[in-house]
Amino acid sequence: QKIASLKAEEISAISDYFQQEVADLLRAAQKTSASLWLVTNETGWGVTPASQLGRLFVDFYGQVNQQLAAASDEVYLAIMGLKKQVKP
């Protein structure tokens, strides 16, 4: 089954949705005194998806991870069960 191409307006709407969700998450995180641990996958190191939707997912996921990392006090990368601090 072939997936139809998304129009620029649809891509923009998806991007706006992700941006709003991240903004809401960051606002909620700033309001709490609790320690928060966010765990995500790194999608940019794999094979580039063949479909437009797959490539958009990787791009949006990467943007979300960058925003979360920028707002975080500490960032770690886990590789083969080992952690490496990438942001002190």
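This briefing goes through selected side-chain features of the structure, grouped by topic. The model is predicted. It holds three aromatic pairs and one salt bridge. Helix α1 covers residues 8-31, and helix α2 covers residues 52-71. Strand β1 spans 75-79 and strand β2 spans 82-87, with a loop between them.

**Aromatic rings**

- The count of aromatic pairs comes to three. The ring centres of Tyr17 and Phe18 are 6.1 Å apart and their planes stand at 75°, so this pair is edge-to-face.
- Phe57 and Tyr61 form another aromatic pair, also described as edge-to-face, with 5.3 Å from centre to centre and 80° between the planes.
- Both Phe57 and Tyr61 belong to helix α2, where they are four residues apart, or about one turn of the helix.
- Ring pairs join Tyr17, Phe18 and Phe60 into a cluster.
- Phe18 has a relative accessible area of 28%, so it counts as partly exposed. Phe57 is partly exposed as well, at 46% relative accessibility.

**A charge over a ring**

- The ring of Tyr76 has the charged end of Lys83 sitting over it. The distance from that charged end to the ring centre is 5.2 Å.

**The salt bridge**

- Side chains of opposite charge can pair when their charged atoms come close.
- In this structure the one salt bridge is formed by the side chains of Arg27 and Asp24, at 2.4 Å from N to O.
- Arg27 and Asp24 are three residues apart in helix α1, so about one helical turn separates them.
- Both partners are partly exposed: Arg27 has a relative accessible area of 41%, and Asp24 is at 34%.

- Leu56 lies in helix α2. Its relative accessibility is 11%, so Leu56 counts as buried.
- Residues up to four places away in sequence aside, Leu56 touches Leu6 and Ile11.
- Leu56 and Ile11 are 45 residues apart along the chain, while their C-alpha atoms are separated by 8.2 Å.
- Asn65 is also placed in helix α2. With a relative accessible area of 16%, Asn65 is buried too.
- Once neighbours within four places in sequence are left aside, Asn65 is in contact with Thr40 and Asn41.

**The nonpolar patch and Met80**

- Trp45, Ile79 and Met80 make up a nonpolar patch on the surface. Together these three residues have about 440 Å² of accessible area.
- Met80 is found in the loop between β1 and β2. Its relative accessible area is 81%; the cut-off for exposed is over 50%, so Met80 counts as exposed.
- The backbone of Met80 has a positive phi of about 50°, although this residue is not a glycine.

**Points to keep in view**

- Helix α2 carries the Phe57 and Tyr61 pair, along with Leu56 and Asn65.

How values were computed:
Residues numbered from 1 in each chain as written. Predicted model: local features only at pLDDT ≥ 70, side-chain atom pairs only at ≥ 80, totals over all residues. Heavy atoms only, no water. Phe/Tyr/Trp six-rings, centres within 6.5 Å; stacked < 30°, edge-to-face > 60°. Buried < 20%, exposed > 50% of the residue type's maximum accessible area, 1.4 Å probe, protein only. Helix = DSSP H or I, 4+ residues; strand = E, 2+ residues; numbered from the N terminus. Lys NZ or Arg CZ within 6 Å of the ring centre and 35° of its normal. Contact = heavy atoms within 4.5 Å. Patch = residues over 30% accessible without salt bridge, like charges linked within 9 Å, V, L, I, M, F, W, Y side chains within 5 Å. Areas by Shrake-Rupley, 256 points an atom, 1.4 Å probe, with all protein chains shown as cover. Salt bridge = Lys/Arg side-chain N within 4 Å of Asp/Glu carboxyl O.
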